[in-house]
Amino acid sequence: MLSPTAIVTEGCKLFFDFDPFGELANLVGGDWEGYLKCAGLWGNLGEFCRLVAANINHGTGSLSTTWTGNAADAACVYFEEIANLLDSAADSFDSLKANYAAVANLAYGMAESVKAGLMFISDLAIEAFIEFMAGLAAAETGVGLIGTAAAWALVAKNALQAVEKYEKIVKAIDVAMMLSKAGYAECGRESAGMEAKAKKFPVPGKSYDNAVV
């Protein structure tokens, strides 16, 4: 109990009748740095798809000048379709990158706001503890009820301010969660779209197995 951190934590538990630090940590906790890194991964995959599509288009263009006939036509259609699907996949990965980054940055910003709010609540708890001890000292030294009552009033004021600040933080978290839901929904739509596109990728026919080709 000689630790200032322990005093603040216990004081806040008295204010709220629960641990506000632990509750808020649970609300904004998570591996948001990993989430942001995942946004970079989506971006890399998008760039990869775009480069492969460009490579395929270049190769198809080079072959089309010398390769003719039905097989050439079928091959051109096949490779053009793959390139178009890869370009479309790249757009989806770009969208995932943007939404993952937006959600991660929103969480980071919210965590910083919560941190500042908790520091404010901690300061109030420390002040309340000092005022509480002053009230005890006034009562023990016989200064009188006036000094004791004033100290208790200041403690009550700090407790009320702490509760009001906590309520504001929780409301801000609610708003942030509402905003992030739009990003999550868009990620879900893009993921479903990616799955559908993957199933459409053309596969060469089994009968087309000429060893020379």
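Tutor: In this predicted model, the largest nonpolar core has 20 residues, and those with the most contacts inside it are Tyr35, Cys49, Leu86, Phe93, Leu96 and Tyr100. H4 supplies the largest share, 11 residues.

Leaving aside neighbours within four places in sequence, Cys49 is in contact with Leu86, Ala89, Ala90 and Phe93.

Now to the helix H3 itself. H3 covers residues 32-64, 33 residues in total, and reaches 48 Å from its first C-alpha to its last, close to the 48 Å expected at 1.5 Å a residue. Its buried residues are Trp32, Tyr35, Ala39, Trp42, Gly43, Gly46, Cys49, Ala53, Ile56 and Thr60. As for spacing along a helix, an α-helix has 3.6 residues a turn, so residues three or four places apart point the same way.

The wider setting is as follows. The protein has 5 helices and 0 strands, in the order α-α-α-α-α along the sequence. Of its 213 residues, 31% count as buried. Among contacts with a separation of 6 or more, 83% are between residues 24 or more positions apart. The accessible surface comes to about 13400 Å², and carbon and sulfur atoms account for 64% of that surface.

Conventions
Residues numbered from 1 in each chain as written. Predicted model: local features only at pLDDT ≥ 70, side-chain atom pairs only at ≥ 80, totals over all residues. Heavy atoms only, no water. Helix = DSSP H or I, 4+ residues; strand = E, 2+ residues; numbered from the N terminus. Buried < 20%, exposed > 50% of the residue type's maximum accessible area, 1.4 Å probe, protein only. Contact = heavy atoms within 4.5 Å. Areas by Shrake-Rupley, 256 points an atom, 1.4 Å probe, with all protein chains shown as cover. Expected span 1.5 Å × (residues − 1). Core = buried A, V, L, I, M, F, W, Y, C linked by side-chain atoms within 4.5 Å.
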